[in-house]
Amino acid sequence: MSELITLTIDGVEIKAEKGTSILRAALENGIYIPHLCDHQDLTSVGICRVCLVEIEGRRPTVSCMTPVEEGMVVTTSSEELDMTRKVNMELLILHHDYDCQNCAKNSYCKLQELTRYVGIDEERISAMRAPALDFPIDDSNPYYQRDMNKCVLCGICVRTCEEIQGDECIDFAFRGIETRISVLGDKPIIDSTCVTCGECVSRCPVGALVPQKAIEPTYEVETVCPFCGCGCNILVGARGGKLVSSTAVEDSPVSGGSLCVKGRYGLSFVNSPERLTTPLIRRDGELVEASWEEAISLISEKLGQYKGDQFATIASAKCTVEDNYVLQKFTRAVMGTNNIDHCARL
Ligand code: SF4
Ligand code: SF4
Ligand code: SF4
Ligand code: SF4
């Protein structure tokens with residue numbers, strides 16, 4: 001059993017596991033410390049320096065990089081801390097392309113949350129604001145868009161790609177004011193080794209990485225990704241009777257909150273206008289629409305002509321799990337063969 005450390009944050013005595021950072025210990029105990037570059041799934045790096053705290057007997061320090069210690073006395077807000085945080089935030093947003101009304105992250109943005117909390121002075125920022133950097137928007141990936149004019153250089157995407165996806169296709173590039181997240185050779189993302197898992201998109205705290213054509217769902221339902229045997233838990237979102245989003249269930253025991261490109265971006269077939277809505281029967285070389293009665297009669301007549309390994313079934317990931325279960329049962333128990341295949345066999 002892990003060792004528990006007792007410390008005090010803002011006068012409240014809390015307990016945290018040895019090795020936990022002050023930031024995580026505070027958040028787990030309902031004490032808010034503003035932070036931007038830290039993410040619960042990733043290694044802490046202390047880049048943004050917004051999570052500064054005071055520890056009795058020491059200089060102000062970043063709480064995401066400092067482990068809890070027995071008897072520690074921590075303060076999360078003071079005149080000096082608030083001023084330092086404010087300056088750190090100002091430096092982060094000086095070049096930011098503030099166009100919240102037209103940003104897909106509006107109302108869900110960590111930068112908005114932090115500027116509200118820290119109390120950024122709009123007039124002061126306007127006076128210091130440098131000319132817009134005007135990086136071109138990278139629209140090359142059909143599933144997500146990269147806008148480095150909105151990037152706050154938190155590095156969450158870089159660590160996600162390396163630590164969770166194991167791809168390492170993006171990194172910090174260039175220097176000073178020109179610093180941005182890029183791929184080798186500063187090419188469009190589509191020309192990199194990116195596998196479009198969307199893990200970085202789901203963790204980007206601002207509007208720098210957003211899904212293409214993002215539509216906010218009115219409600220979400222938890223289900224299982226139909227595409228492969230891993231069976232990752234997903235939340236599908238709907239709006240106006242149409243499926244508009246698919247996101248990972250964060251505490252999924254199957255996927256640990258991750259998805260691949262298929263589960264995250266591959267469910268648009270549900271509303272595809274090309275989807276068949278009636279059976280088709282080939283007549284005189286042409287596929288023509290037929291009723292379900294006609295189709296089922298034809299199939300049952302033809303099935304009688306085969307038995308055992310003369311017969312094979314190819315199932316589809318786009319059917320429900322229950323449909324596919326029935327299909328394999330029919331193939332094995334009725335047709336007497338194990339000739340059955342499916343793309344969902346990772
Ligand atoms: S990233 Fe956040 S702060 Fe920036 S424009 Fe979008 S919503 Fe506004
Ligand atoms: S989508 Fe996945 S592979 Fe591509 S950059 Fe993001 S984390 Fe890396
Ligand atoms: S793209 Fe998003 S996640 Fe990546 S460094 Fe910029 S703000 Fe952070
Ligand atoms: S296709 Fe991808 S998201 Fe879906 S279950 Fe398999 S691994 Fe998970």
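1. The shell around ligand 3 is made up of 13 nonpolar residues, 1 polar residue and no charged ones. Among the 14 residues around this ligand, those that come nearest are C151, C154, G155, C157 and C204. The model is a predicted one.

2. Two helices pack against each other: α2, residues 79–93, and α3, residues 110–118. Their axes are 10 Å apart and the angle is about 145°. The crossing of α2 and α3 is left-handed. On the α2 side the contact uses R85, K86, M89 and I93, and on the α3 side L111, L114, T115, Y117 and V118. These contact residues divide into 6 nonpolar, 1 polar and 2 charged.

3. The whole structure holds 3 aromatic pairs. One of them joins Y143 and Y265, which counts as stacked because the ring centres are 5.2 Å apart and the planes lie at 15°. Y143 is in the loop between α4 (122–128) and β6 (144–146), while Y265 is in helix α7 (residues 261–265), so the pair ties together parts 122 residues apart in sequence.

4. Y265 counts as buried, at 13%.

5. F227 and F269 form an edge-to-face aromatic pair, with 6.0 Å from centre to centre and 75° between the planes. F227 lies in the loop between β10 (219–224) and β11 (233–239), and F269 in the loop between α7 and β13 (280–283), so this pair ties together parts 42 residues apart in sequence. Both F227 and F269 are buried.

Notes. Residues are numbered from 1 along each chain as its sequence is written. Chains are lettered from A and ligands numbered from 1 in the order in which they are written. This is a predicted model: local features need pLDDT of at least 70, side-chain atom pairs count only at pLDDT 80 or more; totals for chains, interfaces and linings use all residues. Side-chain values use heavy atoms; hydrogens and water are left out. A residue is near a molecule or strand if one of its heavy atoms lies within 4 Å of it. Ala, Val, Leu, Ile, Met, Phe, Trp, Tyr, Cys and Pro count as nonpolar, Asp, Glu, Lys and Arg as charged, and the others, Gly among them, as polar. Axes are lines fitted to C-alpha atoms, for helices over the stretch in contact, and angles run from 0 to 180 degrees between N-to-C directions. Helices (H or I, at least four residues) and strands (E, at least two) are DSSP runs, numbered from the N terminus. A crossing is left-handed if the near helix is turned anticlockwise from the far one by less than a right angle, and right-handed if clockwise. Contact means heavy atoms within 4.5 Å. Rings of Phe, Tyr and Trp (its six-membered ring) pair if their centres lie within 6.5 Å; planes under 30 degrees apart count as stacked, over 60 as edge-to-face and the rest as tilted. Buried means under 20% relative accessible area, exposed over 50%, partly exposed in between (1.4 Å probe, protein chains only).
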